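Trainee: Can we go through this model together? I'd like to start with the charged pairs and then look at the sheet.
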Amino acid sequence: FFRKPSIQNFPSPPVLASSLPMGRPLRVAVVQASPVLFAPPATVSKACTLIRTAARDHGAQLVVLPEAFLPAYPRMLSFGAPVGSRSAEGRETFREYWENSVDIPGPAMDALCGAARAEAVWVAVGVVERGPRPGGSSLFCSLVYLSPEGRVVARHRKIKPTAAERVVWAEGGAGETFPADRKSV
């Protein structure tokens, strides 16, 4: 009763290599850094600095920032949500986390697109994205791809948050992930 999925059923990821000369190495900066917790402007500023440093000091052509870098991965935050209940303090923590999350499009993405454009690099950045769902409180763990021209060219919402991540993040679906337009990549 289960059908084995075929590779054709899945959208293909953005093909960054299509805009690069074939046969040449791609210099990738994989950044391991911490955000400034519950301070989106400071985290965006830090991300822009990391992009600039990776491009200028290390010659990166693609800069990859961590999962949920904006506003932060909720490590060790329970949001006061044991099974079947939620505390008032947990609700307040979730409200603050939601308020610090990212809109696409929005000011945080505009700043990151500006950094990608200023350095003429590809950027892949993990964000916690506020999504337009009924009730308006869904959050998604998303990976957003920015072009060297400073445009959002693709977004992938984590399809299946694992374990306790499900308390915080909604499941992404094929209709909520937009693949790169190959003409823009």
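**Salt bridges and sheet**

Mentor: Arg95 and Glu99 join their side chains in a salt bridge, 2.6 Å from N to O. A salt bridge here is a side-chain nitrogen of Lys or Arg within 4 Å of a carboxyl oxygen of Asp or Glu. This is a predicted model, where local features need pLDDT of at least 70 and side-chain atom pairs count only at pLDDT 80 or more, while totals for chains, interfaces and linings use all residues. Residues are numbered from 1 along each chain as its sequence is written, and side-chain values use heavy atoms, with hydrogens and water left out.

Trainee: How far apart are Arg95 and Glu99 in helix 2?

Mentor: They are 4 residues apart in helix 2, which means about one helical turn separates Arg95 from Glu99. Helices (H or I, at least four residues) and strands (E, at least two) are DSSP runs, numbered from the N terminus.

Trainee: Which residues are linked with them in a network?

Mentor: Glu92, Arg95 and Glu99 are linked in a network of salt bridges.

Trainee: How many salt bridges does the rule give?

Mentor: The count comes to 8 salt bridges.

Trainee: What does Glu129 pair with?

Mentor: One partner is Arg155, with the closest N and O atoms 3.0 Å apart. Glu129 lies in strand 3 and Arg155 in strand 5, so this pair ties together parts 26 residues apart in sequence. Glu129 also meets Arg157 in a salt bridge, at 2.8 Å from N to O. Arg157 is in strand 5 as well, so that pair ties together parts 28 residues apart in sequence.

Trainee: And where do those side chains sit, buried or exposed?

Mentor: Glu129 and Arg155 are both buried. Glu129 has 1% relative accessibility, and Arg157 is buried at 4%.

Trainee: On to the sheet. What is the strand order?

Mentor: The sheet is open, with 5 strands in the order 1-2-3-4-5 and mixed pairing. Two strands pair if DSSP finds at least two bridges between them. Strand 1 (28-30) and strand 5 (152-157) are at the edges with a single partner strand each, so one side of each has no neighbour in the sheet. The twist averages 25 degrees from one strand to the next.

Trainee: How do strand 4 and strand 5 pair?

Mentor: Strand 4 (residues 139-146) pairs with strand 5 in the antiparallel sense, over 5 bridges. Val144 stands opposite Arg155 in strand 5.

Trainee: Where does helix 3 lie?

Mentor: Helix 3 (residues 107-119) lies across strand 3 (122-130), strand 4 and strand 5, at about 25 degrees to strand 4. Axes are lines fitted to C-alpha atoms, for helices over the stretch in contact (heavy atoms within 4.5 Å). Angles run from 0 to 180 degrees between N-to-C directions.

Trainee: What about Asn100, where is that?

Mentor: Asn100 is in the loop between helix 2 (88-99) and helix 3. Asn100 is buried, with a relative accessible area of 11%. Leaving out residues up to four places away in sequence, Asn100 touches Phe38, Ala39, Pro40, Pro71 and Arg130.

Technical notes. Buried means under 20% relative accessible area, exposed over 50%, partly exposed in between (1.4 Å probe, protein chains only).
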